[in-house]
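This report describes the fold and packing of a single protein chain. The sequence and the model are shown first.

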Amino acid sequence: MNELTQSDNYQLLNRELAAPDPWGLDANPFERERHTQMLRLALAQGSISNALEVGCAAGAFTVQLAPHCKRLTVIDVVPHAIERSRRRMRDSPHISWIVSDVQQFSPDERFDLIVVAEVLYYIGGIAEMRGAVRNLVRMLAPDGYLVFGSARDANCRRWGHVAGAETVLDMLNETLLELERLECRGGSVNEDCLLACFRNPISAS
């Protein structure tokens, strides 16, 4: 299969987000378990003062994460994703909503938790993935935590993307300390992902 370009990926995301429950994020037992484990990893380190969620889709995980955060910034490259998620969470003044590419997002603040799942394989080639990882690490506060999730390399390549979980995990391990990794599998070949939690080894003290 030919590799998808960034323009192809953007159009694909827009089409998929038009569905009532894109990717079965609310109804699919595999996706619910994936979100349960992501939330467990996110909450394992205690209270969350300032979090960043990269790629909100239709807000299925945002709904679970937001109540545990004093402040939450949500970014997505697709405006419709931000609109859908914002409508779902309309009574949450502690959430900031921003249409932005993870490669370009450059806030002044740092986050004590970053969650990025099923996002990085959409952004292009290996160089773009590495640039996105560098930016995520730059935005992570000293002693902060990053929760990452992705379909495996083999599935991502079968779908037309350049790489997936294993490739990005290797990149993250170059600068962050991996605390936990787990597999999440469902009933189909497409339901197979890796989740991991990392800590920024740079101390705040």
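## Strands 2 and 3

In this predicted model, strand 2 (residues 69-76) runs parallel to strand 3 and is joined to it by 5 bridges. Within this pair, Thr 73 stands opposite Ser 96 of strand 3. Helix 4 (residues 79-88) packs on the sheet here, touching strand 2 and strand 3. The direction of helix 4 makes about 160 degrees with that of strand 3.

The open sheet is formed by 7 strands with mixed pairing, and their order is 3-2-1-4-5-7-6. Strand 3 (95-99) and strand 6 (177-185) each have a single partner strand, so one side of each is left without a neighbour in the sheet. From one strand to the next, the twist averages 15 degrees.

## Helix 2

Helix 2 (residues 29-43) contains 15 residues. From its first C-alpha to its last it reaches 21 Å, close to the 21 Å expected at 1.5 Å a residue.

The buried residues of helix 2 include Phe 30, Met 38, Leu 39 and Leu 41, together with Glu 31, Arg 34, His 35 and Gln 37. Among the elements that cover the buried residues of this helix are strand 1 (48-54), helix 3 (62-65), strand 4 (111-117), strand 5 (140-151), strand 6 and strand 7 (192-199).

In soluble globular proteins, nonpolar side chains tend to be buried together. The largest nonpolar core here has 35 residues, and those with the most contacts inside it are Val 54, Ile 114, Leu 120, Leu 136, Leu 146 and Phe 148. Two or more residues come from each of strand 1, strand 4, helix 5 (126-139), strand 5, helix 7 (165-172) and strand 7. Helix 5 gives the largest share of this core, 6 residues.

Beyond its neighbours within four places in sequence, Leu 146 is in contact with residues including Ile 114, Val 116, Leu 136, Leu 172 and Phe 198. A second, separate core of 30 residues includes Leu 39, Leu 41, Trp 97 and Tyr 145.

## Thr 62

Thr 62 lies in helix 3. It counts as buried because its relative accessibility is 0%, under the 20% cut-off. The side chains of Thr 62 and Glu 53 are joined by a polar contact of 2.6 Å. Apart from its neighbours within four places in sequence, Thr 62 is also in contact with Cys 56, Pro 67, Leu 72, Val 74, Met 89 and Trp 97.

Definitions and conventions:
Residues numbered from 1 in each chain as written. Predicted model: local features only at pLDDT ≥ 70, side-chain atom pairs only at ≥ 80, totals over all residues. Heavy atoms only, no water. Pairing = 2+ DSSP bridges. Helix = DSSP H or I, 4+ residues; strand = E, 2+ residues; numbered from the N terminus. Axes fitted to C-alpha atoms, helices over the stretch in contact; angles between N-to-C directions. Contact = heavy atoms within 4.5 Å. Expected span 1.5 Å × (residues − 1). Buried < 20%, exposed > 50% of the residue type's maximum accessible area, 1.4 Å probe, protein only. Core = buried A, V, L, I, M, F, W, Y, C linked by side-chain atoms within 4.5 Å. Polar contact = N/O pair within 3.5 Å; in protein donor to acceptor, adjacent residues only side chain to side chain.
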